[in-house]
Amino acid sequence: MTQQADVVVIGGGPGGYEAAIRAAQLGLSVICIERRIHKGKPSLGGTCLNVGCIPSKALLDSSHKYHDLKAGYASHGISTGDIGLDVGAMLARKDKVVDQLTGGIAQLLKGNGITWLQGSGKLLAGKRVEFTPHEGEVQIIEAKSVILASGSKPIEIPAAPLVDGIVVDSTGALEFPEVPKRMGVIGAGVIGLELGSVWSRLGADVVVLEALDQFLAVADRAISKETQKILGKQGLDIRLGARVTATRIEGAQVVVTYTDAQGEHSETFDKLIVAVGRRPVTTGLLSADSGISLDERGFVHVDAQCRASVPGVFAIGDLVRGPMLAHKAMEEGVMAAELIANHHAQFNYDLVISVIYTHPEVAWVGMSEERAKAEGFDVKSGQFAFAVNGRALAADDNQGFVKFVADAKTDRLLGMHVIGPSAGDIIHQGLIAMEFGASVEDLQLMCFAHPTLSEVVHEAALSVDGRAIHAIQRKRK
Ligand code: FAD
Ligand code: AMP
(Lines give C-alpha, C1' and ligand atoms only; values in the text may rest on other atoms or scores of the structure.)
(Ligands and ions follow the chains in the order given, each with its own letter.)
Protein backbone atom coordinates (compact mmCIF):
# COMPACT_ATOMS: atom_id res chain seq x y z
CA MET A 1 0.00 0.00 0.00
CA THR A 2 1.37 3.44 -0.88
CA GLN A 3 0.39 6.59 1.02
CA GLN A 4 1.22 10.18 0.18
CA ALA A 5 2.05 13.22 2.29
CA ASP A 6 3.51 16.66 1.82
CA VAL A 7 5.85 16.07 4.74
CA VAL A 8 6.99 12.91 6.51
CA VAL A 9 8.82 13.47 9.79
CA ILE A 10 10.83 10.53 11.12
CA GLY A 11 11.08 10.88 14.89
CA GLY A 12 8.59 12.49 17.28
CA GLY A 13 10.99 14.09 19.77
CA PRO A 14 11.04 17.85 20.40
CA GLY A 15 12.63 18.45 16.99
CA GLY A 16 10.26 16.15 15.10
CA TYR A 17 6.96 17.00 16.78
CA GLU A 18 7.57 20.76 16.56
CA ALA A 19 8.46 20.40 12.87
CA ALA A 20 5.28 18.39 12.31
CA ILE A 21 3.06 20.92 14.11
CA ARG A 22 4.54 23.92 12.30
CA ALA A 23 4.24 22.18 8.91
CA ALA A 24 0.57 21.40 9.65
CA GLN A 25 -0.02 25.01 10.72
CA LEU A 26 1.35 26.04 7.32
CA GLY A 27 -1.31 23.96 5.59
CA LEU A 28 0.75 20.88 4.69
CA SER A 29 -0.35 17.27 5.10
CA VAL A 30 1.96 15.68 7.66
CA ILE A 31 2.81 12.17 8.82
CA CYS A 32 5.02 11.75 11.89
CA ILE A 33 6.60 8.34 12.44
CA GLU A 34 7.67 7.55 16.01
CA ARG A 35 8.53 4.10 17.31
CA ARG A 36 9.20 4.74 21.00
CA ILE A 37 7.50 2.47 23.51
CA HIS A 38 7.81 4.01 26.97
CA LYS A 39 6.79 1.88 29.97
CA GLY A 40 4.74 -0.37 27.71
CA LYS A 41 2.94 2.39 25.75
CA PRO A 42 3.71 4.11 22.42
CA SER A 43 4.95 7.57 23.31
CA LEU A 44 5.75 10.84 21.59
CA GLY A 45 8.16 13.48 22.91
CA GLY A 46 11.44 11.66 22.28
CA THR A 47 14.36 11.56 24.68
CA CYS A 48 13.43 14.95 26.09
CA LEU A 49 9.98 14.16 27.43
CA ASN A 50 10.39 10.44 28.18
CA VAL A 51 13.91 9.97 29.53
CA GLY A 52 15.69 13.33 29.33
CA CYS A 53 14.94 16.95 30.14
CA ILE A 54 11.60 16.47 31.85
CA PRO A 55 12.06 13.40 34.10
CA SER A 56 15.52 14.63 35.11
CA LYS A 57 14.07 18.01 36.09
CA ALA A 58 11.22 16.33 37.98
CA LEU A 59 13.79 14.43 40.07
CA LEU A 60 16.00 17.51 40.43
CA ASP A 61 13.05 19.44 41.82
CA SER A 62 11.92 16.64 44.16
CA SER A 63 15.43 16.03 45.46
CA HIS A 64 15.99 19.76 45.94
CA LYS A 65 12.85 20.01 48.05
CA TYR A 66 13.95 17.00 50.15
CA HIS A 67 17.45 18.39 50.60
CA ASP A 68 16.14 21.82 51.62
CA LEU A 69 13.74 20.31 54.14
CA LYS A 70 16.48 18.10 55.56
CA ALA A 71 18.82 21.07 55.92
CA GLY A 72 15.98 22.76 57.82
CA TYR A 73 14.32 26.13 57.82
CA ALA A 74 15.33 27.05 61.37
CA SER A 75 16.78 30.40 60.27
CA HIS A 76 13.35 31.28 58.86
CA GLY A 77 11.79 30.40 62.19
CA ILE A 78 10.16 27.30 60.74
CA SER A 79 10.57 23.97 62.46
CA THR A 80 9.93 20.66 60.73
CA GLY A 81 9.45 17.19 62.12
CA ASP A 82 11.02 13.95 60.92
CA ILE A 83 11.67 14.09 57.19
CA GLY A 84 10.80 10.89 55.32
CA LEU A 85 11.74 9.78 51.84
CA ASP A 86 9.63 7.55 49.60
CA VAL A 87 11.68 7.04 46.44
CA GLY A 88 8.84 5.05 44.83
CA ALA A 89 6.44 7.97 45.22
CA MET A 90 9.08 10.37 43.89
CA LEU A 91 9.55 8.24 40.76
CA ALA A 92 5.78 7.88 40.36
CA ARG A 93 5.35 11.67 40.41
CA LYS A 94 8.06 11.97 37.76
CA ASP A 95 6.24 9.37 35.62
CA LYS A 96 2.98 11.29 36.00
CA VAL A 97 4.60 14.50 34.74
CA VAL A 98 6.04 12.57 31.77
CA ASP A 99 2.64 10.99 31.00
CA GLN A 100 0.88 14.32 31.15
CA LEU A 101 3.31 15.95 28.72
CA THR A 102 3.64 13.05 26.25
CA GLY A 103 -0.17 12.68 26.23
CA GLY A 104 -0.38 16.40 25.53
CA ILE A 105 1.84 16.04 22.45
CA ALA A 106 -0.38 13.24 21.14
CA GLN A 107 -3.38 15.60 21.53
CA LEU A 108 -1.51 18.41 19.77
CA LEU A 109 -0.68 16.19 16.79
CA LYS A 110 -4.26 14.98 16.59
CA GLY A 111 -5.65 18.50 16.90
CA ASN A 112 -3.41 19.67 14.07
CA GLY A 113 -4.56 16.83 11.79
CA ILE A 114 -1.16 15.10 11.85
CA THR A 115 -1.07 11.32 11.40
CA TRP A 116 1.13 9.61 13.97
CA LEU A 117 2.35 6.27 12.62
CA GLN A 118 3.62 4.02 15.42
CA GLY A 119 6.69 2.13 14.26
CA SER A 120 9.96 2.72 12.42
CA GLY A 121 10.65 4.90 9.41
CA LYS A 122 13.44 4.49 6.89
CA LEU A 123 14.29 6.92 4.11
CA LEU A 124 14.56 5.28 0.69
CA ALA A 125 15.72 6.83 -2.59
CA GLY A 126 13.40 9.40 -4.18
CA LYS A 127 11.93 10.77 -0.94
CA ARG A 128 10.01 7.57 -0.34
CA VAL A 129 9.75 6.40 3.26
CA GLU A 130 9.38 2.81 4.34
CA PHE A 131 7.19 2.50 7.43
CA THR A 132 7.42 -0.67 9.51
CA PRO A 133 4.62 -0.67 12.10
CA HIS A 134 5.01 -2.37 15.49
CA GLU A 135 2.35 -4.73 14.18
CA GLY A 136 1.20 -5.22 10.62
CA GLU A 137 2.57 -4.80 7.15
CA VAL A 138 5.32 -2.56 5.85
CA GLN A 139 4.02 0.48 3.97
CA ILE A 140 5.62 2.92 1.56
CA ILE A 141 4.90 6.62 1.84
CA GLU A 142 5.67 9.02 -1.00
CA ALA A 143 6.66 12.36 0.46
CA LYS A 144 7.24 15.75 -1.13
CA SER A 145 9.60 16.56 1.73
CA VAL A 146 11.14 14.54 4.56
CA ILE A 147 12.44 15.71 7.93
CA LEU A 148 14.85 13.30 9.64
CA ALA A 149 14.62 13.76 13.43
CA SER A 150 15.74 10.43 14.89
CA GLY A 151 17.72 12.03 17.73
CA SER A 152 20.50 10.46 19.73
CA LYS A 153 21.27 7.76 22.26
CA PRO A 154 23.82 7.37 25.06
CA ILE A 155 27.38 6.43 24.11
CA GLU A 156 28.54 3.17 25.61
CA ILE A 157 32.22 2.64 26.38
CA PRO A 158 34.01 -0.73 26.42
CA ALA A 159 35.49 0.15 29.83
CA ALA A 160 32.02 0.23 31.39
CA PRO A 161 29.46 -2.03 29.67
CA LEU A 162 25.93 -1.62 31.05
CA VAL A 163 24.83 -4.18 33.64
CA ASP A 164 21.15 -4.19 34.48
CA GLY A 165 20.43 -2.10 37.59
CA ILE A 166 24.11 -1.63 38.52
CA VAL A 167 25.95 0.03 35.63
CA VAL A 168 23.39 2.22 33.89
CA ASP A 169 23.06 5.03 31.38
CA SER A 170 21.09 8.22 32.01
CA THR A 171 17.79 6.37 31.47
CA GLY A 172 18.60 3.77 34.14
CA ALA A 173 19.69 6.54 36.51
CA LEU A 174 16.12 7.89 36.51
CA GLU A 175 14.81 4.61 37.91
CA PHE A 176 16.88 3.55 40.96
CA PRO A 177 14.30 2.04 43.34
CA GLU A 178 16.25 3.24 46.38
CA VAL A 179 19.05 5.65 47.14
CA PRO A 180 22.43 4.01 46.53
CA LYS A 181 24.88 4.30 49.42
CA ARG A 182 27.81 4.98 47.15
CA MET A 183 27.41 5.97 43.54
CA GLY A 184 29.91 6.63 40.74
CA VAL A 185 29.35 8.82 37.68
CA ILE A 186 31.60 8.61 34.63
CA GLY A 187 31.67 12.01 32.93
CA ALA A 188 31.29 15.48 34.46
CA GLY A 189 29.15 16.81 31.60
CA VAL A 190 25.72 18.35 32.08
CA ILE A 191 23.89 15.02 32.39
CA GLY A 192 26.45 13.53 34.81
CA LEU A 193 26.32 16.60 37.06
CA GLU A 194 22.51 16.79 37.09
CA LEU A 195 21.96 13.09 37.82
CA GLY A 196 24.87 13.05 40.28
CA SER A 197 23.19 15.96 42.10
CA VAL A 198 19.81 14.19 42.27
CA TRP A 199 21.14 11.13 44.09
CA SER A 200 23.66 13.08 46.15
CA ARG A 201 20.85 15.31 47.51
CA LEU A 202 18.87 12.20 48.40
CA GLY A 203 21.79 10.91 50.46
CA ALA A 204 24.20 8.97 48.19
CA ASP A 205 27.98 9.49 48.41
CA VAL A 206 28.72 10.50 44.84
CA VAL A 207 32.09 10.35 43.08
CA VAL A 208 32.29 11.89 39.58
CA LEU A 209 35.18 10.65 37.42
CA GLU A 210 36.10 12.95 34.53
CA ALA A 211 38.87 12.19 32.04
CA LEU A 212 39.60 15.83 31.21
CA ASP A 213 41.83 17.93 33.47
CA GLN A 214 39.56 20.93 33.16
CA PHE A 215 36.10 21.09 34.71
CA LEU A 216 33.28 22.22 32.37
CA ALA A 217 35.74 23.20 29.68
CA VAL A 218 32.96 24.61 27.48
CA ALA A 219 31.93 27.24 30.02
CA ASP A 220 33.53 30.59 30.84
CA ARG A 221 36.41 29.91 33.26
CA ALA A 222 34.98 32.10 36.02
CA ILE A 223 31.73 30.13 35.85
CA SER A 224 33.33 26.68 35.71
CA LYS A 225 35.57 27.50 38.71
CA GLU A 226 32.62 28.71 40.79
CA THR A 227 30.48 25.72 39.75
CA GLN A 228 33.20 23.27 40.74
CA LYS A 229 33.61 25.01 44.10
CA ILE A 230 29.89 25.06 44.90
CA LEU A 231 29.17 21.49 43.76
CA GLY A 232 32.22 20.31 45.71
CA LYS A 233 30.88 21.99 48.86
CA GLN A 234 27.56 20.26 48.27
CA GLY A 235 29.39 16.95 48.55
CA LEU A 236 29.99 15.89 44.94
CA ASP A 237 33.48 14.38 44.90
CA ILE A 238 34.60 15.50 41.43
CA ARG A 239 37.89 13.93 40.33
CA LEU A 240 39.43 15.47 37.23
CA GLY A 241 42.01 13.85 34.95
CA ALA A 242 40.46 10.52 35.99
CA ARG A 243 39.95 8.19 33.02
CA VAL A 244 37.92 5.05 33.67
CA THR A 245 39.70 2.10 32.09
CA ALA A 246 37.78 -0.94 33.38
CA THR A 247 34.84 -2.08 35.49
CA ARG A 248 33.96 -5.43 37.01
CA ILE A 249 30.92 -6.64 38.88
CA GLU A 250 31.44 -8.05 42.38
CA GLY A 251 28.21 -9.32 43.88
CA ALA A 252 25.73 -6.45 43.64
CA GLN A 253 28.47 -3.84 43.34
CA VAL A 254 30.76 -2.55 40.64
CA VAL A 255 34.50 -2.03 40.99
CA VAL A 256 35.75 0.81 38.80
CA THR A 257 39.38 1.16 37.78
CA TYR A 258 40.60 4.59 36.70
CA THR A 259 43.92 6.22 36.03
CA ASP A 260 45.04 9.75 36.82
CA ALA A 261 48.37 11.56 37.10
CA GLN A 262 49.15 9.59 40.29
CA GLY A 263 48.58 6.17 38.65
CA GLU A 264 45.86 3.53 38.84
CA HIS A 265 43.07 3.53 41.43
CA SER A 266 39.94 1.58 42.10
CA GLU A 267 36.62 2.44 43.75
CA THR A 268 33.63 0.29 44.62
CA PHE A 269 30.11 1.59 44.02
CA ASP A 270 26.55 0.30 44.46
CA LYS A 271 25.55 2.04 41.24
CA LEU A 272 27.51 3.51 38.36
CA ILE A 273 26.09 6.00 35.85
CA VAL A 274 27.83 6.13 32.47
CA ALA A 275 27.30 9.71 31.21
CA VAL A 276 30.04 10.11 28.61
CA GLY A 277 27.97 11.75 25.90
CA ARG A 278 25.45 10.81 23.22
CA ARG A 279 25.64 9.82 19.58
CA PRO A 280 23.25 10.31 16.66
CA VAL A 281 20.77 7.53 15.80
CA THR A 282 21.25 6.57 12.15
CA THR A 283 21.00 2.77 12.33
CA GLY A 284 18.06 1.60 10.22
CA LEU A 285 17.21 5.19 9.27
CA LEU A 286 18.64 5.33 5.75
CA SER A 287 18.62 2.84 2.89
CA ALA A 288 21.98 2.34 1.17
CA ASP A 289 20.74 4.32 -1.85
CA SER A 290 19.02 7.13 0.11
CA GLY A 291 21.70 9.57 -1.04
CA ILE A 292 22.09 11.07 2.44
CA SER A 293 25.67 11.68 3.54
CA LEU A 294 26.96 11.56 7.08
CA ASP A 295 29.82 13.67 8.39
CA GLU A 296 33.03 12.23 9.88
CA ARG A 297 31.41 11.97 13.35
CA GLY A 298 28.36 10.06 12.11
CA PHE A 299 25.90 12.98 12.13
CA VAL A 300 23.71 13.57 9.08
CA HIS A 301 25.50 16.23 7.07
CA VAL A 302 23.43 19.41 6.71
CA ASP A 303 23.90 23.05 5.72
CA ALA A 304 23.18 26.02 8.00
CA GLN A 305 19.45 25.61 7.28
CA CYS A 306 19.36 21.87 7.99
CA ARG A 307 19.16 20.80 4.34
CA ALA A 308 20.61 17.30 3.92
CA SER A 309 22.39 16.11 0.79
CA VAL A 310 19.15 15.20 -1.05
CA PRO A 311 16.92 18.11 -2.17
CA GLY A 312 13.72 18.17 -0.12
CA VAL A 313 15.24 16.22 2.77
CA PHE A 314 16.06 18.02 6.02
CA ALA A 315 17.70 16.72 9.20
CA ILE A 316 17.44 18.37 12.60
CA GLY A 317 18.14 18.09 16.32
CA ASP A 318 20.57 15.66 17.94
CA LEU A 319 20.95 13.91 14.57
CA VAL A 320 22.97 16.85 13.22
CA ARG A 321 25.93 19.02 14.26
CA GLY A 322 25.65 21.51 17.09
CA PRO A 323 24.73 21.22 20.75
CA MET A 324 22.46 18.32 21.73
CA LEU A 325 19.72 20.41 23.27
CA ALA A 326 15.95 20.19 23.02
CA HIS A 327 15.43 23.90 22.28
CA LYS A 328 17.99 23.76 19.48
CA ALA A 329 16.15 20.74 18.02
CA MET A 330 12.80 22.55 18.30
CA GLU A 331 13.96 25.69 16.50
CA GLU A 332 15.60 23.64 13.76
CA GLY A 333 12.33 21.70 13.34
CA VAL A 334 10.34 24.90 12.96
CA MET A 335 12.96 26.29 10.54
CA ALA A 336 12.77 23.15 8.37
CA ALA A 337 8.95 23.31 8.25
CA GLU A 338 9.06 26.99 7.29
CA LEU A 339 11.57 26.35 4.50
CA ILE A 340 9.45 23.47 3.16
CA ALA A 341 6.52 25.90 2.98
CA ASN A 342 8.77 28.29 1.03
CA HIS A 343 9.00 30.80 3.85
CA HIS A 344 12.22 32.55 4.77
CA ALA A 345 13.76 31.02 7.90
CA GLN A 346 17.08 30.92 9.66
CA PHE A 347 18.42 30.13 13.10
CA ASN A 348 21.08 31.99 15.06
CA TYR A 349 23.49 29.25 16.16
CA ASP A 350 25.64 31.83 17.97
CA LEU A 351 22.94 32.33 20.59
CA VAL A 352 21.93 28.90 21.85
CA ILE A 353 21.53 28.97 25.63
CA SER A 354 23.17 26.26 27.77
CA VAL A 355 21.70 25.48 31.19
CA ILE A 356 22.80 23.10 33.93
CA TYR A 357 19.89 22.56 36.30
CA THR A 358 21.93 22.03 39.46
CA HIS A 359 21.30 24.27 42.44
CA PRO A 360 22.29 26.98 41.92
CA GLU A 361 21.64 26.75 38.20
CA VAL A 362 24.36 27.52 35.69
CA ALA A 363 23.58 29.13 32.33
CA TRP A 364 25.32 30.94 29.55
CA VAL A 365 24.74 32.35 26.09
CA GLY A 366 27.18 33.76 23.56
CA MET A 367 30.93 33.83 23.99
CA SER A 368 33.01 33.06 27.06
CA GLU A 369 35.74 35.56 27.88
CA GLU A 370 38.37 33.02 26.74
CA ARG A 371 36.65 32.44 23.40
CA ALA A 372 36.08 36.14 22.74
CA LYS A 373 39.80 36.77 23.34
CA ALA A 374 40.76 33.83 21.13
CA GLU A 375 38.57 35.29 18.38
CA GLY A 376 40.55 38.53 18.57
CA PHE A 377 38.07 40.79 20.39
CA ASP A 378 39.37 43.52 22.65
CA VAL A 379 37.39 42.21 25.61
CA LYS A 380 35.96 44.00 28.62
CA SER A 381 33.99 42.16 31.26
CA GLY A 382 32.24 42.66 34.55
CA GLN A 383 30.50 40.54 37.11
CA PHE A 384 28.25 41.03 40.10
CA ALA A 385 27.41 38.62 42.91
CA PHE A 386 24.00 37.52 44.19
CA ALA A 387 25.52 37.66 47.72
CA VAL A 388 24.44 41.27 48.29
CA ASN A 389 21.20 41.18 46.27
CA GLY A 390 18.22 41.92 48.50
CA ARG A 391 15.84 39.43 46.87
CA ALA A 392 18.42 36.63 46.89
CA LEU A 393 19.26 37.28 50.54
CA ALA A 394 15.57 37.41 51.48
CA ALA A 395 15.14 34.01 49.84
CA ASP A 396 18.31 32.66 51.48
CA ASP A 397 19.47 31.67 47.98
CA ASN A 398 22.36 33.96 47.18
CA GLN A 399 25.28 31.99 45.77
CA GLY A 400 26.89 32.84 42.43
CA PHE A 401 27.10 35.82 40.10
CA VAL A 402 26.25 37.25 36.69
CA LYS A 403 29.05 38.02 34.26
CA PHE A 404 29.00 39.96 31.00
CA VAL A 405 31.61 39.77 28.26
CA ALA A 406 31.63 42.68 25.82
CA ASP A 407 33.61 44.18 22.95
CA ALA A 408 35.63 47.07 24.41
CA LYS A 409 35.77 48.81 21.02
CA THR A 410 32.05 48.83 20.21
CA ASP A 411 30.47 48.16 23.66
CA ARG A 412 28.46 45.31 22.06
CA LEU A 413 27.52 42.42 24.35
CA LEU A 414 29.26 39.18 23.37
CA GLY A 415 28.28 36.82 26.15
CA MET A 416 26.34 36.44 29.37
CA HIS A 417 27.21 33.87 32.04
CA VAL A 418 25.26 33.15 35.19
CA ILE A 419 25.60 30.88 38.17
CA GLY A 420 22.89 31.56 40.68
CA PRO A 421 19.21 31.27 41.56
CA SER A 422 16.99 30.91 38.47
CA ALA A 423 20.02 31.29 36.17
CA GLY A 424 18.18 29.28 33.48
CA ASP A 425 15.48 31.95 33.35
CA ILE A 426 17.60 35.03 33.99
CA ILE A 427 19.86 34.11 31.06
CA HIS A 428 17.06 34.94 28.62
CA GLN A 429 17.63 38.62 29.36
CA GLY A 430 21.05 38.22 27.74
CA LEU A 431 19.58 36.24 24.85
CA ILE A 432 17.06 38.94 24.04
CA ALA A 433 19.60 41.73 24.47
CA MET A 434 22.13 40.03 22.21
CA GLU A 435 19.55 39.09 19.57
CA PHE A 436 18.78 42.80 19.34
CA GLY A 437 22.48 43.66 19.17
CA ALA A 438 22.43 45.47 22.53
CA SER A 439 25.40 47.31 23.94
CA VAL A 440 26.41 47.19 27.60
CA GLU A 441 25.19 50.76 27.87
CA ASP A 442 21.71 49.74 26.70
CA LEU A 443 21.43 47.49 29.76
CA GLN A 444 23.02 50.08 32.03
CA LEU A 445 20.38 52.66 31.05
CA MET A 446 17.39 50.42 31.79
CA CYS A 447 15.40 50.55 35.02
CA PHE A 448 15.28 47.08 36.64
CA ALA A 449 12.60 46.38 39.25
CA HIS A 450 13.56 46.30 42.93
CA PRO A 451 13.91 43.94 44.73
CA THR A 452 14.51 41.28 42.05
CA LEU A 453 17.23 38.80 41.15
CA SER A 454 17.46 40.65 37.83
CA GLU A 455 19.02 43.63 39.57
CA VAL A 456 22.20 41.54 39.56
CA VAL A 457 22.01 41.61 35.74
CA HIS A 458 21.84 45.40 35.85
CA GLU A 459 24.71 45.65 38.31
CA ALA A 460 26.82 43.22 36.25
CA ALA A 461 26.31 45.42 33.18
CA LEU A 462 27.26 48.48 35.24
CA SER A 463 30.33 46.71 36.62
CA VAL A 464 31.68 46.18 33.08
CA ASP A 465 32.49 49.91 33.23
CA GLY A 466 33.29 50.05 36.94
CA ARG A 467 29.92 51.62 37.78
CA ALA A 468 28.13 49.02 39.91
CA ILE A 469 26.42 50.81 42.79
CA HIS A 470 26.42 48.09 45.45
CA ALA A 471 30.14 47.32 45.20
CA ILE A 472 33.31 49.28 45.76
CA GLN A 473 34.55 49.41 42.18
CA ARG A 474 38.25 49.69 41.60
CA LYS A 475 38.03 50.53 37.90
CA ARG A 476 35.92 53.63 37.32
CA LYS A 477 34.45 55.32 34.31
P1 FAD B 1 15.01 12.81 20.42
O2 FAD B 1 14.38 13.54 21.52
O3 FAD B 1 16.06 11.80 20.73
O4 FAD B 1 13.81 12.13 19.62
C5 FAD B 1 14.02 11.30 18.53
C6 FAD B 1 12.92 10.27 18.48
O7 FAD B 1 13.01 9.59 17.24
C8 FAD B 1 13.02 9.19 19.55
O9 FAD B 1 11.87 9.18 20.37
C10 FAD B 1 13.16 7.87 18.78
O11 FAD B 1 12.39 6.83 19.33
C12 FAD B 1 12.63 8.24 17.41
N13 FAD B 1 13.24 7.46 16.33
C14 FAD B 1 14.56 7.26 16.09
N15 FAD B 1 14.73 6.58 14.94
C16 FAD B 1 13.50 6.34 14.45
C17 FAD B 1 13.00 5.68 13.29
N18 FAD B 1 13.83 5.16 12.40
N19 FAD B 1 11.67 5.60 13.11
C20 FAD B 1 10.81 6.15 14.04
N21 FAD B 1 11.21 6.80 15.14
C22 FAD B 1 12.54 6.90 15.33
N23 FAD B 1 18.16 19.14 26.54
C24 FAD B 1 17.80 20.38 26.93
O25 FAD B 1 17.68 21.27 26.09
N26 FAD B 1 17.57 20.67 28.25
C27 FAD B 1 17.69 19.73 29.22
O28 FAD B 1 17.47 20.01 30.39
C29 FAD B 1 18.07 18.43 28.84
N30 FAD B 1 18.19 17.45 29.77
C31 FAD B 1 18.50 16.19 29.37
C32 FAD B 1 18.62 15.22 30.36
C33 FAD B 1 18.94 13.92 30.01
C34 FAD B 1 19.04 12.87 31.08
C35 FAD B 1 19.12 13.60 28.62
C36 FAD B 1 19.43 12.19 28.22
C37 FAD B 1 19.01 14.57 27.64
C38 FAD B 1 18.71 15.87 28.01
N39 FAD B 1 18.61 16.90 27.07
C40 FAD B 1 18.29 18.16 27.46
C41 FAD B 1 18.85 16.66 25.63
C42 FAD B 1 17.53 16.54 24.87
O43 FAD B 1 16.77 15.49 25.42
C44 FAD B 1 17.82 16.27 23.40
O45 FAD B 1 18.68 17.27 22.89
C46 FAD B 1 16.53 16.31 22.59
O47 FAD B 1 15.63 15.32 23.05
C48 FAD B 1 16.82 16.09 21.10
O49 FAD B 1 15.63 16.11 20.39
P50 FAD B 1 15.47 15.34 19.01
O51 FAD B 1 14.06 15.60 18.58
O52 FAD B 1 16.57 15.69 18.09
O53 FAD B 1 15.67 13.78 19.34
P1 AMP C 1 29.18 15.37 27.76
O2 AMP C 1 29.71 15.00 26.41
O3 AMP C 1 29.06 16.85 28.01
O4 AMP C 1 27.92 14.62 28.11
O5 AMP C 1 30.26 14.89 28.83
C6 AMP C 1 30.77 13.60 28.87
C7 AMP C 1 32.10 13.64 29.62
O8 AMP C 1 32.54 12.30 29.86
C9 AMP C 1 33.22 14.34 28.87
O10 AMP C 1 33.66 15.44 29.62
C11 AMP C 1 34.30 13.28 28.73
O12 AMP C 1 35.59 13.80 28.90
C13 AMP C 1 33.97 12.29 29.85
N14 AMP C 1 34.48 10.93 29.61
C15 AMP C 1 34.41 10.20 28.46
N16 AMP C 1 34.99 8.97 28.61
C17 AMP C 1 35.44 8.92 29.90
C18 AMP C 1 36.13 7.92 30.69
N19 AMP C 1 36.48 6.71 30.19
N20 AMP C 1 36.43 8.21 31.99
C21 AMP C 1 36.08 9.41 32.52
N22 AMP C 1 35.45 10.38 31.83
C23 AMP C 1 35.12 10.16 30.54
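Me: Two strands count as paired if DSSP finds at least two bridges between them; which residue in S11 is the bridge partner of glycine 184?
Reply: This is a predicted model, in which local features need pLDDT of at least 70, side-chain atom pairs count only at pLDDT 80 or more, and totals for chains, interfaces and linings use all residues. Residues are numbered from 1 along each chain as its sequence is written, chains are lettered from A and ligands numbered from 1 in the order written, and side-chain values use heavy atoms without hydrogens or water. Within S11, the partner of glycine 184 is valine 207.

Me: Which strands are the edge strands of the open sheet?
Reply: Five strands make up the open sheet with parallel pairing, in the order S9-S16-S10-S11-S12. Those that pair on one side only are strand S9 (167-168) and strand S12 (237-239).

Me: What angle does the direction of H5 make with that of S10?
Reply: H5 packs on this sheet, touching (heavy atoms within 4.5 Å) S10, S11, S12 and strand S16 (271-274). With axes fitted to C-alpha atoms, for helices over the stretch in contact, and angles running from 0 to 180 degrees between N-to-C directions, the value is about 175 degrees.

Me: At what angle do the axes of H3 and H5 cross?
Reply: Helix H3 (residues 53-71) and helix H5 (residues 190-201) have axes that come within 8 Å. Residues making the contact include Leu59, Leu60 and His64 of H3, together with Leu195 and Val198 of H5. The axes cross at roughly 35 degrees.

Terms used. Helix = DSSP H or I, 4+ residues; strand = E, 2+ residues; numbered from the N terminus. Pairing = 2+ DSSP bridges.
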